[in-house]
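Colleague: I would like to learn how to read a protein model. Could we go through one together?

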Amino acid sequence: MALQTKTYTATNNGFTLELTLVENSTSTPANTSSIGYTLKLKSTSKDFSQYGVGATVVLDGKTVATRDRYSAPKISIGTYASVTLLSGTTTVGHNTDGTKSMSVKFTLDMATASWTPGPMTGTGTMTLTKIPRQATITSAPDFTDEDNPTVKWSNP
């Protein structure tokens, strides 16, 4: 079961660019989250046929997926239809205290015409699930008194 799902959108000229992010899981030992992403182009009132469409997804300042407008297969989209441009999974590291606020950016690179969305950019921030940190033992003197051992620890 996903920990959380967030959707970000940008709109232009009868089209919506939609990025859905899913925090699939966290790893306490690695201090990371697994993030699934899906970038879709949706038509709200127009259509186009056989156009070069480029796209990029940037999470936490790193490009995790890209599609080149000139070399990728051309795309067609019908009115009120959608097409997936990019999808996949990536791993994002957390801060040492287990928190993470991840920057989100997604773009569409396409020629401008009255029937196309043209270039679009969307941004946002996603706060990931806080990963509990393990306590660190700072000293453990001799345990000769089994009923009252002394352990000193710190919890970041």
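This is a predicted model: local features need pLDDT of at least 70, side-chain atom pairs count only at pLDDT 80 or more; totals for chains, interfaces and linings use all residues.

Colleague: Where do I begin? How many helices and strands are in the protein?

Modeller: Begin with the secondary structure. The protein has zero helices and 12 strands, so the pattern along the sequence is β-β-β-β-β-β-β-β-β-β-β-β.

Colleague: What order do the strands take in the open sheet?

Modeller: Strands of a sheet pair through backbone hydrogen bonds, either parallel or antiparallel. Here an open sheet of four strands runs in the order E1-E2-E3-E8, and the pairing is antiparallel. Its edge strands are E1, residues 4-12, and E8, residues 82-93, each of which pairs on one side only. From one strand to the next, the twist averages 15 degrees.

Colleague: What links the strands in the hairpins?

Modeller: Look at the turns. E1 and E2 form a hairpin with two residues between them, and Asn13 in that turn has a positive phi of about 50 degrees. The hairpin of E2 and E3 has four residues between the strands, with Asn31 in the turn at a positive phi of about 60 degrees.

Colleague: Which residues of the largest nonpolar core touch the most other members?

Modeller: In soluble globular proteins, nonpolar side chains tend to be buried together. The largest nonpolar core in this model has 30 residues, and those touching the most other members are Leu21, Leu39, Leu41, Leu85 and Val104. Several strands each supply at least two residues of this core, including E1, E2, E3 and E8, and also E5, E9 and E10.

Colleague: What share of the protein is buried?

Modeller: Buried residues make up 37% of the 156 residues. The accessible surface comes to about 8,600 Å², and 48% of that surface belongs to carbon and sulfur atoms. Of contacts between residues at least 6 apart in sequence, 60% join residues at least 24 apart.

Colleague: Now a polar residue. What does Gln4 touch?

Modeller: Gln4 lies in strand E1. Its side chain is joined to that of Glu23 by a polar contact of 2.8 Å. A polar atom of the Gln4 side chain also lies 2.9 Å from the backbone oxygen of Thr127. The residues Gln4 touches include Leu21, Val22, Met126 and Leu128.

Colleague: Is Pro132 buried or exposed?

Modeller: Compare the relative accessible area with the cut-off. Pro132 has a relative accessible area of 56%, which is over 50%, so Pro132 counts as exposed. This proline is found in the loop between E10 and E11.

Colleague: How far apart are Pro132 and Asp97 in sequence and in space?

Modeller: Pro132 and Asp97 are 35 residues apart in sequence, and their C-alpha atoms are 7.9 Å apart in space. When reading a model, look up both numbers for a pair.

Terms used. Residues are numbered from 1 along each chain as its sequence is written. Side-chain values use heavy atoms; hydrogens and water are left out. Two strands pair if DSSP finds at least two bridges between them. Axes are lines fitted to C-alpha atoms, for helices over the stretch in contact, and angles run from 0 to 180 degrees between N-to-C directions. A nonpolar core is a set of buried Ala, Val, Leu, Ile, Met, Phe, Trp, Tyr and Cys residues joined through side-chain atoms within 4.5 Å. Buried means under 20% relative accessible area, exposed over 50%, partly exposed in between (1.4 Å probe, protein chains only). A polar contact is a pair of N or O atoms within 3.5 Å; within protein, one must be able to donate a hydrogen and the other to accept it, and residues adjacent in sequence count only if both atoms are side-chain atoms. Contact means heavy atoms within 4.5 Å. Accessible areas come from the Shrake-Rupley method with a 1.4 Å probe; for residues, only the protein chains shown count as cover. Lists of a residue's contacts leave out its neighbours within four places in sequence.
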